Amino acid sequence: MRIQQQQQQVTDVVPSLTWGGDSHRVAAINLEESPNSSDKHDHEDSQKPRWKKFLSFVGPGFLISMAYIDPGSLETDLQTGANYTFEQLWIYLIGFTFTLIIQSLAANLGVSTGKHLSELCKLEYPKYVKYFLWLLAEFAVISADIPEVVGTAFALNILFHIPVWTGVLITGLSTLLLLGLQRYGVRKLEMLISVLILAMAACFFGEMNYVKPPAAAVIKGLFVPKLSGQGAIGNAIALLGSVIMPHNLFLHSALVLSRRVPRSVNAINDACQFYLIESGIALVVAFLINIAIISVSGTICSANNMSDDIANQCNNLNLDSAPFLLKNVLGRSSSTIYGIALLASGQSSSITSTYSGQFIMQGFLDLKMRPWIRNLMTRSIAIAPSLIVSIIGGSKGAAKLIIISTMVLAFEVPFALIPLLKFSYSNPKMGPHKNSIYIMVIAWTLGVALTGFNMYFLITAFMGWLIHNKLPKIANVFVGIIVFPLILVYVLAILYLTFRKDTVVTFTEPITLDQPMAQNNMEQGLSNSYKVVEADHIPYSENLVDIPPPE
């Protein structure tokens, strides 16, 4: 009878329950536990040093940063240094600054709403728009997987001297093996891969210290915008595509749900700050690694006294021929160490692609797959073009395919970026947790600039191809009839997403708790005499992928 009375009290209290302050969160009270059963635990948690709280949030940002040291990024870095020395370093500076902003927005979106980006897209957009965005997101995952396939094949070629096309076929089995090893601990596997990648980064830093790139030229390249030389704009877009990845926005907004965040204003704000700091540290490390690779490539390939052999290697520089850049530091073992690190890079980025595909498919379609099935499906599609190009064009053709795939990623960015920016400043989605107007102005400005840059290149490159190709005029007419409407659809789709007004409310209206002490406890993320639980099952989604929460 007493339990029934307590349950009735819960029903009476819940309608007046809130997280207080400016937050619009709904909570519930669990009266099954004794009032003082968790006092000691909450007191100890509230007294935990801030740096220890921060460590419990470390993980998602560093997992995301693996995608910025993948074979696609390495290939564009090598090509940039060999062909343009330090002139395009400013693209990386702007790209990583923009990436830090939008990745933090993605993390904030997940923490504040308890839903990841693909779930919100499913709720917000009409049926056909939802499927359109889902297909583009899946295509982005496949585009990101192509450099991983080719990079792994190059690594196998360096280590075992097998043909690149054979290595492409083996990549399907190698990733399945990697996913099988995850049962021994995802975090241990990620740590091993991170150590291998950082080892390669250390080699490039050591080589950079050996070749000593001119500091004045590097600083000028970072802060003085310049695009000169044939193919400079295309290479710049490839650089942006290797940094600003659409599938990473979906992934980051979901990974933050693997951490339990109390539903209070203070706890949500703290979590957003911790994720910002963690993402900043991870992206700065990735930025420095990419700058080191470009600096080494640019210094060696622009030296006045280089031999004819090095000149030929620089003219045909790609992932498969890059070990010579590390010979000053590693000597004869440069190929082996580079090959192992390249293999680790390809496998680590396959983890992020697999997780991205999991979240995208579950969010848009509410469809769950086992990771190995999901990876096999994506990898099978990515292998097809990689195999064809590697058979026909060899190593050089496969390297060009990496550049093309990163350019495709740049063109797909608006279809993940625009929903993220709109949701991040949406009262119906974020309530009082919506982001600062100043941050949003900067993000929108950079987003519009990126989209305009893409459109300029797309139109000018296509028009240049129409004018200079050797096809019959009638063939050019038919190509134009097909391509120009597609460009128009691309532009109209971007305009639709930009100016469409959000209509779906996913944020809960505020309710006030009558008891001041309980109100304060919830604001601080404490329970004391009241046990706070997630009534609407946000913010924790362990079932999405096999990523265990921190203990």
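The following paragraphs describe a predicted model, moving from the whole chain to its salt bridges and then to selected helices and residues.

The chain has 551 residues, and 53% of them count as buried. Its secondary structure comprises 23 helices and two strands. Among contacts with a separation of 6 or more, 84% are between residues 24 or more positions apart.

Side chains of opposite charge can pair when their charged atoms come close. In the whole structure, the search finds three salt bridges. One of them joins Lys226 to Glu87, with 3.5 Å between the closest N and O atoms. This pair links distant parts of the chain, 139 residues apart: Lys226 belongs to the loop between helix H11 (215–223) and helix H12 (232–243), while Glu87 belongs to the loop between helix H5 (71–84) and H6. Lys226 has a relative accessibility of 40% and counts as partly exposed. Glu87 is also partly exposed, because its relative accessible area of 23% falls between the 20% limit for buried residues and the 50% limit for exposed ones.

The salt bridges of Glu124 form a network with Lys429 and Arg500. In the bridge between Lys429 and Glu124, the closest N and O atoms are 2.6 Å apart. Lys429 is part of helix H20 and Glu124 is part of helix H7 (residues 117–124), so this bridge ties together parts of the chain that are 305 residues apart in sequence. Arg500 likewise forms a salt bridge with Glu124, and here the closest N and O atoms are 2.6 Å apart. Because Arg500 lies in the loop between H22 and helix H23 (516–524) and Glu124 in helix H7, the second pair ties together parts that are 376 residues apart in sequence.

Helix H17 (residues 334–365) contains 32 residues. From its first C-alpha to its last it reaches 46 Å, close to the 46 Å expected at 1.5 Å a residue. The helix is mostly covered, with 26 of its 32 residues buried. Asp366 follows H17 and has a positive phi, near 55°.

Ser112 is located in helix H6 (residues 89–113), and with a relative accessible area of 1% it is buried. Thr299 is part of helix H14 (residues 265–301) and counts as buried at 13% relative accessibility. The side chain of Thr299 reaches the backbone oxygen of Ser295 at 2.6 Å. Which residues are in contact with Thr299 once its neighbours within four places in sequence are left aside? They are Phe86, Val211, Pro213 and Pro214.

Ser436 provides an example from a loop, in this case the one between helix H20 (427–430) and helix H21 (437–468). Its relative accessibility is 35%, so Ser436 counts as partly exposed. Ser436 and Tyr425 are eleven residues apart in sequence, and their C-alpha atoms are 7.8 Å apart in space.

Conventions:
Residues numbered from 1 in each chain as written. Predicted model: local features only at pLDDT ≥ 70, side-chain atom pairs only at ≥ 80, totals over all residues. Heavy atoms only, no water. Helix = DSSP H or I, 4+ residues; strand = E, 2+ residues; numbered from the N terminus. Buried < 20%, exposed > 50% of the residue type's maximum accessible area, 1.4 Å probe, protein only. Polar contact = N/O pair within 3.5 Å; in protein donor to acceptor, adjacent residues only side chain to side chain. Contact = heavy atoms within 4.5 Å. Expected span 1.5 Å × (residues − 1). Salt bridge = Lys/Arg side-chain N within 4 Å of Asp/Glu carboxyl O.
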